[in-house]
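Colleague: Could you open the model for me? I'd like to go through a few parts of it with you.

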Amino acid sequence: MSHTIQRIAVCGAGTMGAGIAQVAAAAGFDTFLSDINAAMLEKAKAGIYKNWNVAIEKGKMTAEAMQAAQAKLQFVTTLEQTPVDMVIEAIIERLDIKQKLFCDIANWNNEQTIIVSNTSSLSITQIAAGVPHPERVAGMHFFNPAHLMKLVEVVEGAATTTGTVQAVKAVAEKMGKTVVLTKDAPGFIVNRVARHFYVENLKLAEEGVAEMRTLDALCENAGFKMGAFSLMDLIGNDINFAVTSSLFNAFHQDSKFRPSRIQEQKVLAGHLGKKTGKGFYDYNK
Ligand SMILES: NC(=O)c1ccc[n+]([C@@H]2O[C@H](COP(=O)([O-])OP(=O)(O)OC[C@H]3O[C@@H](n4cnc5c(N)ncnc54)[C@H](O)[C@@H]3O)[C@@H](O)[C@H]2O)c1
């Protein structure tokens, strides 16, 4: 089956959804960004417009291109009345909530609508299992910040057809992204490899071997763009902790993926990182 993708909905207007909607609209897709929380939509809109203005200041975008992109982007609190060709889901990292949303989306659209998840760690096969026509479900994993990071992992679940994979790849490429194809496996490629970066840095801090500032400075001086603690604050400690927990369980409690108590405490305290103003670092100062 060949797919023509023109209308895209992005579900979840948080850290990732806003950036994904920004690139979708700028690439010329009719884009609908949805969130159950209207305040998140307002925040996303302000952030996207700010990013576009920065791009103009840097000479990376023209004023005409910004106007065209703005005209392509709409903000909605439900997708129930908005049939589209493709939905990119970027909501909370919880299997039960994603499964329910995927079934709702399937009911609101026809059976050809492609539904992809931006999940970092959950099984695409499992998300797709309860959805009518699971062959049109895949993973489309962007990286943070989604409007700047080039890489996208396109994930093939057990039921995903080649046609679906190719359609998702074509959409990502139209957005200017570089695509890596991967089979469905815990953490796919990048999060499985990168997990040890977070886990080992957290262990070093937990054991008192070195302070987080020292560890971040060391990584940054060794050539990493960001140290692990700054990066976890950017990602969101809730998301990062959920991803590590998910990989730990998916690999049958393999101790090399053991989630960290100090990160769990950050989550319990609501110190989620940049998005709440405080995480490992304090952003209110
Ligand atoms: N944060 C990262 O660096 C990162 C990177 C790659 C992938 N991801 C994945 O992307 C997804 C989203 O992560 P995030 O960091 O953007 O989360 P976030 O917490 O910043 O935003 C999630 C948004 O989803 C909304 N939401 C929750 N339930 C909803 C529903 N049923 N319908 C519509 N909106 C709903 C919330 O109101 C919130 O605005 C997760 O699956 C995460 O694993 C995150």
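Colleague: Which residues in H8 meet which ones in H9?

Modeller: This is a predicted model, in which local features need pLDDT of at least 70, side-chain atom pairs count only at pLDDT 80 or more, and totals for chains, interfaces and linings use all residues. Residues are numbered from 1 along each chain as its sequence is written. Met212, Leu215, Asp216 and Cys219 in H8 meet Ala228, Phe229 and Ser230 in H9, where contact requires C-beta atoms, placed from the backbone, within 7 Å. Helices (H or I, at least four residues) and strands (E, at least two) are DSSP runs, numbered from the N terminus.

Colleague: And what classes of residue are in that contact?

Modeller: The contact of H8 with H9 has five nonpolar, one polar and one charged residues, counting Ala, Val, Leu, Ile, Met, Phe, Trp, Tyr, Cys and Pro as nonpolar, Asp, Glu, Lys and Arg as charged, and the others, Gly among them, as polar.

Colleague: At what angle do H8 and H9 pack?

Modeller: Helix H8 (residues 212-221) and helix H9 (residues 228-235) pack at about 95°, with their axes 7 Å apart; axes are lines fitted to C-alpha atoms, for helices over the stretch in contact, and angles run from 0 to 180 degrees between N-to-C directions. H8 and H9 are therefore roughly perpendicular to each other, a label that covers 65 to 115 degrees, with under 35 roughly parallel, over 145 roughly antiparallel and the rest oblique.

Colleague: Switching to the ligand, which residues come nearest?

Modeller: Of the 27 residues around the ligand, Gly12, Gly14, Met16, Asn144 and Ile235 come nearest, and a residue is near if its C-beta atom, placed from the backbone, lies within 6 Å. The shell divides into 14 nonpolar, eleven polar and two charged residues, and its largest share, three residues, comes from H1.

Colleague: Which domains does the shell draw on?

Modeller: At least three residues come from each of domain 1 (7-183) and domain 2 (192-276), with bounds taken from an automatic or database domain assignment. The domain centres, taken over C-alpha atoms, are separated by 26 Å, and six residues of domain 1 are in contact with nine of domain 2.

Colleague: Last topic: in what order do the strands of the sheet run?

Modeller: Eight strands form an open sheet, ordered E3-E2-E1-E4-E5-E6-E7-E8 with mixed pairing, where two strands pair if DSSP finds at least two bridges between them. The edge strands are E3 (73-76) and E8 (178-183), each pairing on one side only.

Conventions. Contact = placed C-beta atoms within 7 Å.
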